[in-house]
Structure formats: structure tokens, C-alpha cells
Amino acid sequence: MSKNTHWPRAFFLIANGSSELAPGADRQTMGGKAFNLLEMARLGLPVPAALVIGTEYTFAPESCLLPLNAWGLPAMESATGLKLGDERAPLVVSVRSGAPVSMPGMLETLLNVGLCDRTVQGLLRQTGNPRFVWDAYRRLVHLFGTVVAGIPDTAFESALDEMADGRDVRSLDFCEHRTLARRNMDIYLSHTGKAFPQDPRDQLNAAVMAVFHSWDKPKARHYRELNRIKDTMGTAVTIQRMVFGNTGWHSGAGVGFTRNPTTGAPGLWMDYLINAQGEDVVGGQRNAHGHLAMHQSAPQAWAKLQEAAGRLEQHFKGMQDLEFTVQDGDLFLLQTRAGKRTTKAAMRIALDMLEEGLIDRQQAIDRTRDIREEDLVDHQLIADGAKAPILLAAADVACPGVVCGEVTLDPEMAQERARTGAPVVLVRSDARTEDIAGLHVSVGLLTQRGARTSHAAVVARQLGKPCLVACSGMRIDLSARIIRFSDVVVREGDLITLDANNGQVYLGQLSIEAIPDTALVDGLRRLRGQEQAPIPGESDVHKPGKNHGNDQAKGKGERKHQGVQP
């Protein structure tokens, strides 16, 4: 391929640990996600083959279609030995965004592109797994309908909920998934007036356009405004061979951090779903499990993930956020990036990595330059012996802290109340990134469903907002603007307190106190030379595993999802 003078500008092929890179290719031209995929492939880690369309096409996306179909796609088919639309060995791909800087969940992703009535039959013969094939197909119609055709997600979710009737979706058999796929096609037809596209090339072209166009969606613009990201930066589009986490009980999908993003403690901190695809974990509509689920169902993949996490930390010199899939016991890495973390976690990680020799003192100083001593505090509830607080429910901790505010049930109400100066807690059924404007003005986030590593939870952590997810003990009635916690009814505007240290929700306003984390404050002072005490790395004062930060989040709020601790 490198000798092919017709290879298009700003197209990159990642396969077999190498890449056909055009001159000058870097993180800016191929996007951070693809650049890190290339780095992982070069390290010999298991990365599915990928074709990358560079960021320069963001503002004229139609111009990428000719080179994609004439040169890019044939090169990817050659690298994989599969062909898009082939009835016997179909190539099935994901189509993902990838800006030069991380924008978790703000841009679109499509999975299972290339499935149609014709290729489904080929995949059925190839795998002998009808439950997996029809599950993948109904997912494609759902995602394509929402992302490409703009159909409300609720139309497809309602059909899924009706079919599941309270059961775990993963328990549905192939007949039920096949019925759902057909029902999703009917929904697509009724909303668009057109049949779901049966030409895989049409699907791929439309998916690429949708991902490029997502650069200008409101949630993406708002995120860039908050984080001072230039609109002119653009996004790349990565077309990657699908690996499937929904082929059975030895498969799954997960997101992991190489260190705890809330406390900074060493050890993999992760969410994992058996027999699922990645969107189930990061999308915010499903609850997830911790590392034990992966260890028990795919022990060899778990061991390889631990090894890969260590290699990536050594290579990138920082805490990493990984997305991965396990297909029939085999591990595949789909993404690595610098992990979003709380301020306290950032402080502890910098001190620990300095001591471990992973970074030098100047790098530690640079990474903690914006941290103030007053940021290194624990907010805790003050016990009131006169009156016991009313505990409403328990939930999983995605970002620690304690806050009190008015219940608001949608981002618009959160913004309206916040403009009056009222502290508000955003309460939602799902953790969705579309709520970023409301999340930004809220003091905390509480969701009925969703994993700790969902994109919305990651954004909440980045914003420093206490966040509780998977609060199964509450039910939201949007029509009545109320929440039911068992026999207690809380109305929009009522006060609740989130104890996101211990994973608990209380009625009313409770007293909160701020307690300085003296160990981290001392570490910051030593690092900046404000004391004569030895800095970490010059003594045994600051050893990994000692409590340098608030490890309360490893208590009640994480009993369902305990990470691997040293």
C-alpha cells in the first residue's frame, strides 16, 4: 500500500501492528483515538484492524466518500480477509468518532454496520449462533435509526422494554431478538417513510456522515465551550472491524481505569457486562458489574487485561481509561486515553507515579500546577444525634462527595432553577451525555440506571460533580414530576442530599463539613518545596497503598463493584 500513489490523503490503515501513514500524520490529523490505537498496535497489543478518515474531512465530509469506497475500504477488506456485504464472510464494522482531544460521549458511534438481511444469513452460517446474530442486527437498526435517521431513542427502547417485560435483555432468545429486529425495522419505516437500508455500503457511507455531522450537535458544542476546545479542530472517523462481546457468557464488554479515578488508588477500576456490547456499558442505560464478573467468565482475558494496563501506563506515563471487548474468551482493546479523574485522584496519582519512577518531579509539578490546597478536602455528613436522617435509597458511587440541592428532573429545569441561584441535583433515569448543559449547572447527579464508567459519569467526574448511578430503589414519574423511593414520594423542588462517599441518598438537607486531606496537602507542599520534608521518592513517607486520599469510596458505595486494590 505504501507504494500505491493513489492512496488518498489523510487516510490511515491500522493493521497487524503497523499503519500506512501519509506524511505528517499525528494526533491532530488522525485524532487521539486512532493515534492511540496505532500506539497499542505497535506495542503488540490485540487491536482489531481499523481504517481512519482524517480530521480534515470534518467540514467537507462528502469529499471522503470517493476515496473511502475506491481505496480505503478495499485496503481494509484486504487486511481483514473479509468483504463488506459478502454473504459468506461479511465484514462488519464499528464507525467511531475521534477528535484530537478526548470528548467522552459527545460524538456519535455506530456498531454492527454491514449487517443486512443478506449478510445476517452468512453470519448465521459462519457462527452457528442465531441469538448473537439477531441481537447484533436489532442493535444496528436501533442505533442507525437514532444516530443517522434522528428517530427518538425512546421508540426503540419502548419496543425493547415491552419484549423484555422486566427481564434482563441478555436473557432474550434468538426468536425474541429476531422479532425485535423486525419491529425495529417497522419503527424505522414508520418514522422515515423508507425501509432500513439493505446495502452495507449505503449504511457505511451514512454512518460516516453521521459521525462527522455529530461534531456540530448541541452537546458537542457545549462540551467544547466548557473545555475551551477549538471548533476548528474537527474529528476523525475510525472504521474498525467489529469484535463481538454479545456472543455468549464467555464474552463481554467493559471500561477500565488503570487506577481508581475517584481516589487515585492503584489497581484496575472497571465496569464489565457479560454477553454485551460496549454501548451497554458507556451509553448510560444499563447497569454493570465489576472485575469479578470478568475474572469468573473469562479468566485468561482478565489476566491479559491486567498485563495490558500495566504496559499502557508505562508507555503513556499516566493513568489510562481503556475500552475493551472479550469475544469467546479473547481480549481485544478498542481504546486507550488519559483517564478523567477527580482533583484528589490527580494529586495522589502524580505523587504515586513520582515515587514509582514513572514520571520525574517536574512532570509531577506540571500535572498538579492548578491544584489548590483547598481543593484537597473531604466533604462528609455531620451526624445529628437528635434526629436520624431519612435514608431513601442506595446507589453506586461514580464520583465521591456530599451535596444537597433541589430535585430537578430534566436539564432545562436544572438550568432554570440554577439561574435563580438555587443549588440543584439533576435526577435522571439514565446517565446521558445529552444532559451536559443541566449537569454543568447542577451540584450533583443521581441516576436510576447506568454504570460508573458511562460517558455521563465520566463527564461528571471531570466536572467534579458528586455522582451516584444505578439507584435501583427509585422510580421517576416524569408526567407527575415526582420520584418514588419505596413508600416515600419526593417531588421536583424538594431537597435531597447525596452522600456520594458511601452511596446513599437522603431526604432533606443534611449538615455537611469539609475536612482537609492533610496527607495530600502535605504531599503537595513537599512537591512544591514549601516544606523541608523529603519529597516522595526520597523516603518511604508516601508509599503506594497508604491512605493518601479519601478512600471512603471503597466502602459501601462500591460493594457491588470493588476494584482490584493493592
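Across which strands does helix 15 lie? Helix 15 (residues 411–419) lies across strand 14 (402–408) and strand 15 (424–428), and runs at about 175 degrees to strand 15. Such angles run from 0 to 180 degrees between N-to-C directions, with axes fitted as lines to C-alpha atoms, for helices over the stretch in contact.

## Basis of the report

This is a predicted model, in which local features need pLDDT of at least 70 and side-chain atom pairs count only at pLDDT 80 or more, while totals for chains, interfaces and linings use all residues. Residues are numbered from 1 along each chain as its sequence is written, and side-chain values use heavy atoms, with hydrogens and water left out.

## The chain as a whole

The protein chain has 18 helices and 23 strands. Both are DSSP runs numbered from the N terminus: helices are H or I with at least four residues, and strands are E with at least two. Of the 566 residues in the protein chain, 57% are buried. Buried means under 20% relative accessible area, exposed means over 50%, and partly exposed lies in between (1.4 Å probe, protein chains only).

The protein chain exposes about 22600 Å², and carbon and sulfur atoms supply 49% of that area. The areas come from the Shrake-Rupley method with a 1.4 Å probe; for residues, only the protein chains shown count as cover. Among contacts (heavy atoms within 4.5 Å) with a separation of 6 or more, 69% join residues 24 or more positions apart.

Eight strands form an open sheet in the order 12-22-21-14-15-16-17-13, with mixed pairing. Strands pair if DSSP finds at least two bridges between them. Strand 12 (391–394) and strand 13 (396–399) stand at the edges with a single partner strand each, so one side of each is left without a neighbour in the sheet. On average, neighbouring strands of this sheet are turned by 30 degrees against each other, direction ignored.

Strand 16 (residues 444–447) pairs with strand 17 (residues 467–469) in the parallel sense over two bridges. Leu 445 has Cys 467 in strand 17 as its bridge partner.

## Aromatic rings

The structure holds nine aromatic pairs. Rings of Phe, Tyr and Trp (its six-membered ring) pair if their centres lie within 6.5 Å; planes under 30 degrees apart count as stacked, over 60 as edge-to-face and the rest as tilted. The rings of Phe 144 and Tyr 188 have centres 6.3 Å apart and planes at 40 degrees, so this pair is tilted. The pair links distant parts of the chain, with Phe 144 in helix 5 (residues 130–147) and Tyr 188 in helix 7, 44 residues apart. Phe 144 is buried at 2% relative accessibility, and Tyr 188 is buried at 8%.

Tyr 272 and Phe 324 form a stacked pair, 6.0 Å centre to centre with 10 degrees between the planes. Tyr 272 belongs to strand 8 (residues 266–274) and Phe 324 to strand 9 (residues 320–327), 52 residues apart. Tyr 272 is buried, with a relative accessible area of 0%.

## Two individual residues

Asn 184 lies in helix 7 (residues 174–192) and is buried at 2% relative accessibility. Leaving aside neighbours within four places in sequence, Asn 184 is in contact with Arg 138, Val 141, His 142, Phe 156 and Ala 159.

Leu 43 lies in the loop between helix 2 (32–42) and strand 3 (50–53), and is partly exposed at 23%. Leu 43 and His 315 are 272 residues apart in sequence and 8.9 Å apart in space, C-alpha to C-alpha.
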